[in-house]
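Open the model in a viewer with the sequence alongside. The stops below say what to select and what is there.

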Amino acid sequence: MTTMIEEAATRARFFLVQEAGPTSFVLSEGDSGRKVKVFIGNTHCCSCTPTAPAGFLCVHILFVMIRVFKLPKDSPLVYQQALVDSEIAELLVLERLCSA
């Protein structure tokens, strides 16, 4: 199941509309234009109707982790349901390094 959701996240036509904070994002779905809010943190959260089975992250959260934060698909941070403060700090440092 994770592989299917992961593939959907890497092929998805989402657009980053707004970065409301370092770990808060608004995405627009390419075809419908529907907007969803994604929060990465001590509990990941997305405003979408759940698109993944219980216990799995939705495609929007995976999109942010893989495409916005540019984490490798095999990074353990990608699939965690939540991040502790030190992991969030690591994520933000990696994002700055990739953006430079």
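Begin with Glu87, which is found in helix 4. Helices (H or I, at least four residues) and strands (E, at least two) are DSSP runs, numbered from the N terminus. At 18% relative accessibility, Glu87 counts as buried; buried means under 20% relative accessible area, exposed over 50%, and partly exposed in between (1.4 Å probe, protein chains only). Show what surrounds the residue: leaving aside neighbours within four places in sequence, Glu87 is in contact with Leu77, Gln80 and Ala82. Contact means heavy atoms within 4.5 Å.

Two remarks on the source before moving on. This is a predicted model, in which local features need pLDDT of at least 70 and side-chain atom pairs count only at pLDDT 80 or more, while totals for chains, interfaces and linings use all residues. Residues are numbered from 1 along each chain as its sequence is written, and side-chain values use heavy atoms, with hydrogens and water left out.

**The whole chain**

Colour by secondary structure. The chain has four helices and four strands, and from the N terminus on its elements run α-β-β-β-β-α-α-α. Of the 100 residues in the chain, 43% are buried. Among contacts between residues at least 6 apart in sequence, 43% join residues at least 24 apart. The chain exposes about 5700 Å², and carbon and sulfur atoms supply 57% of that area. Accessible areas come from the Shrake-Rupley method with a 1.4 Å probe; for residues, only the protein chains shown count as cover.

**Helix 4, again**

Stay on helix 4 (residues 85-99) and select Leu94, which lies in it.

**The loop between strands 1 and 2**

Go to Thr23, placed in the loop between strand 1 (14-21) and strand 2 (24-29). Thr23 counts as buried, at 19% relative accessibility. Which residues does Thr23 contact, leaving aside its neighbours within four places in sequence? They are Val38, Phe39, Ile40, Ile88 and Leu92.

**Strand 3**

Select Val36 in strand 3 (residues 35-39). Val36 is buried, with a relative accessible area of 2%. Beyond neighbours within four places in sequence, the contacts of Val36 are Phe25, Val26, Leu27, Glu29, Cys46, Ser47, Cys48 and His60. For His60, draw a C-alpha to C-alpha distance from Val36: the two are 8.0 Å apart in space and 24 residues apart in sequence.

**Helix 2**

His60 is one of the buried residues of helix 2; the others are Val59, Ile61, Leu62, Phe63, Val64, Met65, Ile66 and Val68. Helix 2 is mostly covered, with nine of its ten residues buried. Lys70, which follows helix 2, has a positive phi near 60°.

**Aromatic pairs**

Show the aromatic side chains; the structure holds two aromatic pairs. Rings of Phe, Tyr and Trp (its six-membered ring) pair if their centres lie within 6.5 Å; planes under 30 degrees apart count as stacked, over 60 as edge-to-face and the rest as tilted. Phe14 and Phe63 are edge-to-face because their planes stand at 85°, with the ring centres 5.2 Å apart. This pair links distant parts of the chain, Phe14 in strand 1 and Phe63 in helix 2 (residues 59-68), 49 residues apart. Both Phe14 and Phe63 are buried.

Phe25 and Phe69 also form an edge-to-face pair, 5.5 Å centre to centre and with 85° between the planes. Phe25 is in strand 2 and Phe69 in the loop between helix 2 and helix 3 (76-79), 44 residues apart. Phe25 is buried at a relative accessible area of 0%, and Phe69 is buried at 1%.

**Cysteines**

Finish with the cysteine sulfurs. A disulfide is a pair of cysteine sulfur atoms within 2.5 Å, and by this rule the count comes to zero. Cys45 is in no disulfide, and the nearest cysteine sulfur, that of Cys46, is 7.1 Å away. Cys45 is partly exposed, with a relative accessible area of 39%. Cys48 counts as buried, at 10% relative accessibility.
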